[in-house]
Amino acid sequence: MSKLTWPLMHNNITREDLDALIRYLATDSPKLTHGPKVLEFEMAWSNWLGVKYSVMVNSGSSANDLTMMALRELCGVGEVIVPPLTWVSDIASVVNTGHKPVFVDINPRNLAMQNFEVIKAITPKTKAVFLTHVLGYNGISDDLVSELKAREIPLIEDVCESHGATHNGQKLGSFGWASNFSFYYAHHLTTIEGGMVSTNDSELYDIIRMLRSHGMVRESLNTETTRRYLDSHKDLNPNFIFAFPSHNMRSTELNAILGLEQLGRLDNNNVKRSENLRIFLNNLDSERYQTDFEIKGSSNYAFTLVLKCPDMFLRDKIEKKLKDEGIEFRRGLSGGGNQLRQPYLRRLPDTPQAEIFQNVEHVHHYGWYIGNYPELPSEKIYYLCEMLNQI
Ligand SMILES: Cc1ncc(COP(=O)(O)O)c(C=O)c1O
């Protein structure tokens, strides 16, 4: 076979999506800024996910920022338990709101924090557990959910890489106090840039709506909240009461139209991606590569390739071969691997040593992800496995 064209991400925005935008733009004086289409998408998303409320934002990172700001407002500042394998904004949002990140190593089989280690890391100062479902795998267990519930510690789920994944048949993102999604171009569903915060908690919904929009009280849909602020701030113009120090993380109508279009295809696409992952893991040499990922309920948009044993020589050979074959990859899995090695964390006092977290260290050095999209032909996946097995 000649050199493959296998980019990390494939254009997930179809002609139909673009036509929907064009139809909207051709209407008489279409509203472009945040408006009814955003609300329509939020309701459709809540319905799909199985939660009561959703707030669309301009990125998954904004979703992270908002939940951490809301946590600070509602529960005060303290410790937040996070994984070292996640995206930068998960930890940045914790640090930037004055919380202390407390790190817990991952479970190699689902790449999320070891649930029993999370429970061990809880202290009286713990304000939340901020769990990332990495690359489509389910990161929660019944034990974790019930333990956190019993201790009244909010679970925040980062589902940015795992739209449609489930635990016991229930969608991830419907377990936590809050859940955050990204609709960046490469993800299961894309609005070009975009994100969502979803919740069943009406108080959180109310505050997230205000925080998304400069902390403005007029964004609240709760008449009691509005009345309270109006009554106690009679010196202020009711349109300009800023309850919290925030900024603007709103989406536009155009992004929401894309989301509405894409939502109709999401489940079918996820089925195809899951089948691709199954072929990939079933055909890799299990002596050399990790193939025992917990795929039950997973919804994956990238193949996870992890060496079973540390081997720098093999690692370099694999990277050279992938490059030569035109297969794009990222080493370190989610977010470039162990965040504790990153300068933004190393500059902070009290950051633990990266090497302590051995499971993350392993995927940091010996793990990659490769693009997995619905239209990937199975022959290409077989070819990739064959090639990797022969290196
Ligand atoms: C796990 C995770 N969280 C958060 C984000 C941030 O999302 P965004 O790129 O939309 O800001 C990403 C990005 O892809 C991610 O992978």
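Which element gives the most to the lining of the largest pocket?

1. The model is predicted. In it, H3 contributes the most to the lining of the largest pocket, namely three residues. The ligand sits in this largest pocket, and helix H3 (residues 60–75) also supplies the largest share of the shell around the ligand, again three residues.

2. The space in the largest pocket amounts to about 510 Å³. Its lining comprises 30 residues, and those closest to the centre are Trp-87, Glu-161, Tyr-184, His-187 and Tyr-301. Two or more lining residues come from each of H3, helix H4 (88–96) and strand E12 (367–371). By class, this lining has 11 nonpolar, 14 polar and five charged residues.

3. The ligand is surrounded by 14 residues, the closest being Gly-60, Ser-61, Asp-158, Glu-161 and Ser-182. This shell is made up of three nonpolar, eight polar and three charged residues.

4. A ligand oxygen atom lies 2.8 Å from a polar backbone atom of Gly-60. A ligand nitrogen atom is 2.6 Å from an N or O atom in the Asp-158 side chain, and for the side chain of Asp-90 the corresponding distance from a ligand nitrogen atom to an N or O atom is 3.3 Å. The ligand taken alone exposes 380 Å², of which the protein buries 92%.

5. The second largest pocket has a volume of about 240 Å³. Among its 14 lining residues, Val-145, Lys-149, Phe-175, Gly-176 and Trp-177 lie nearest the centre. Helix H6 (residues 142–151) gives the most to this lining, with four residues. The lining divides into eight nonpolar, three polar and three charged residues.

Definitions and conventions. Residues numbered from 1 in each chain as written. Predicted model: local features only at pLDDT ≥ 70, side-chain atom pairs only at ≥ 80, totals over all residues. Heavy atoms only, no water. Near = heavy atom within 4 Å. Polar contact = N/O pair within 3.5 Å; in protein donor to acceptor, adjacent residues only side chain to side chain. Areas by Shrake-Rupley, 256 points an atom, 1.4 Å probe, with all protein chains shown as cover. 1 Å grid on protein atoms, 1.4 Å probe; cavity = no way out; pocket = protein on both sides within 12 Å on 5 of 7 lines; lining within 4 Å. Sits in = over half its atoms within 2 Å of the grid points. Nonpolar A, V, L, I, M, F, W, Y, C, P; charged D, E, K, R; others polar. Points joined across faces, edges and corners; volume = space filled by probe spheres on them.
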